[in-house]
Amino acid sequence: MDLLTVLKGTLYVGIASLIIMYLCNSLEQGLDFLGRNMSAGAKGALLLAVASSLPEIMVSLAFVFSGEPELILAGAFVTAGSALFNICLIPALSIIYAGD
């Protein structure tokens, strides 16, 4: 691997990270406006869960539109890994730090 390829890849990752950051912030503001008359629990469960999954959605879409079969499979693994994280690690940490 040469230095130019590494620098180009780093630039792409940086640009994609900035796009995802701005999309997440915009989506969260829009969902806050849509859920302004909802209770906090309902708004979080129904609307803001979409904003928390936006990075995984964007990575999967980028992999799908790349046209590379290996990357399409990686997009499926990104989504599955996110689901496993949400199912396993978040409840485990909640139980550890919940106290009595």
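The crossing of H3 and H4 is left-handed (the near helix is turned anticlockwise from the far one by less than a right angle; clockwise would be right-handed). Before you click on, know that this is a predicted model, where local features need pLDDT of at least 70, side-chain atom pairs count only at pLDDT 80 or more, and totals for chains, interfaces and linings use all residues. Residues are numbered from 1 along each chain as its sequence is written, and side-chain values use heavy atoms, with hydrogens and water left out.

**Stop 1: H3 and H4**

Select 54-66 for H3 and residues 69-98 for H4. Helices here are DSSP runs (H or I, at least four residues), numbered from the N terminus. H3 and H4 pack at about 165 degrees with their axes 7 Å apart; axes are lines fitted to C-alpha atoms over the stretch in contact, and angles run from 0 to 180 degrees between N-to-C directions. The pair is therefore roughly antiparallel (over 145 degrees; under 35 is roughly parallel, 65 to 115 roughly perpendicular, and the rest oblique).

Now show the touching residues, with contact meaning heavy atoms within 4.5 Å. On H3 they include Val59 and Phe63, and on H4 Leu71 and Val78 are among them. By class, this contact has seven nonpolar, five polar and one charged residues (Ala, Val, Leu, Ile, Met, Phe, Trp, Tyr, Cys and Pro count as nonpolar, Asp, Glu, Lys and Arg as charged, the others, Gly among them, as polar).

**Stop 2: H2 and H3**

Step back to H2, residues 40-52. The axes of H2 and H3 come within 5 Å and cross at roughly 45 degrees, which makes H2 oblique to H3. Highlight Val50, Ala51 and Ser52 of H2 against Leu54, Pro55 and Glu56 of H3 to see the contact.

**Stop 3: H1 and H2**

Next, pick H1, residues 3-34. H1 and H2 pack at about 160 degrees, axes 8 Å apart, so H1 is roughly antiparallel to H2. H1 passes H2 in a right-handed crossing. Residues in this contact include Leu27 and Leu31 of H1 and Leu47 and Val50 of H2. Its residues divide into eight nonpolar, no polar and three charged.

**Stop 4: the largest pocket**

Finally, select Ala16, Ile19, Ile20, Met58, Val59, Ala62, Phe63, Ser66 and Leu71, which line the largest pocket. Which helix gives the most to this lining? H3 does, with five residues. The lining has eight nonpolar, one polar and no charged residues.

How values were computed:
Helices (H or I, at least four residues) and strands (E, at least two) are DSSP runs, numbered from the N terminus. On a 1 Å grid over the protein atoms alone, a cavity is a set of points where a 1.4 Å probe fits but cannot get out, and a pocket is an open set with protein on both sides within 12 Å along at least five of seven lines; lining residues have an atom within 4 Å of a point.
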